Amino acid sequence: MTIQVRVTEFAKGQDWYTTLLKREPNFIPHDGFAEWELLPGCWLQVAKGIPSVNSGPLRLGVLDLEKERNRIQEELGVKRFELHSREEVPVKWGTFTDPWGNQLGFFEYKNEEEKKAMFRIALRNLQ
């Protein structure tokens, strides 16, 4: 699976997503294109181009939603990032946009055992 977001300023976009994901791209096949493997066979592509209108959001799972929100507000200058939760939904989540208008977000499982189980699966898939 690949998910692509487009940015009009590629160098700034690559830097922004490197900070967001806390690591360098896994693969840069040519100018204006970078890829991060999020899980085996699941790639996030950042490409030079015009962002799609109303696409997303792409939400990534995190262990501590509030900590990640604070980090990207501080490190990336994200202004609007409200957290949401509903009793009947097993996760809490938040959505924000990158500087090019791509909708992104994070989610966190509310149940600690479920959170640990999902991240064990994800870590096992990365090995």
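Start at the largest pocket, whose lining divides into 20 nonpolar, one polar and eight charged residues (Ala, Val, Leu, Ile, Met, Phe, Trp, Tyr, Cys and Pro count as nonpolar, Asp, Glu, Lys and Arg as charged, the others, Gly among them, as polar). This is a predicted model: local features need pLDDT of at least 70, side-chain atom pairs count only at pLDDT 80 or more, and totals for chains, interfaces and linings use all residues. Residues are numbered from 1 along each chain as its sequence is written, and side-chain values use heavy atoms, with hydrogens and water left out.

Now select Leu 38, Leu 60, Gly 61, Val 62 and Phe 119, which lie nearest the centre of this pocket among its 29 lining residues. A pocket here is an open set of points on a 1 Å grid over the protein atoms alone, where a 1.4 Å probe fits, with protein on both sides within 12 Å along at least five of seven lines; lining residues have an atom within 4 Å of a point.

Next, pick Phe 106. Its contacts (heavy atoms within 4.5 Å) include Leu 60, Val 62, Ile 72 and Phe 96, not counting residues up to four places away in sequence.

Then move to His 84. What does this residue touch? Lys 92 and Trp 93, leaving out residues up to four places away in sequence. The C-alpha atoms of His 84 and Phe 107 are separated by 9.4 Å, although the two are 23 residues apart along the chain.
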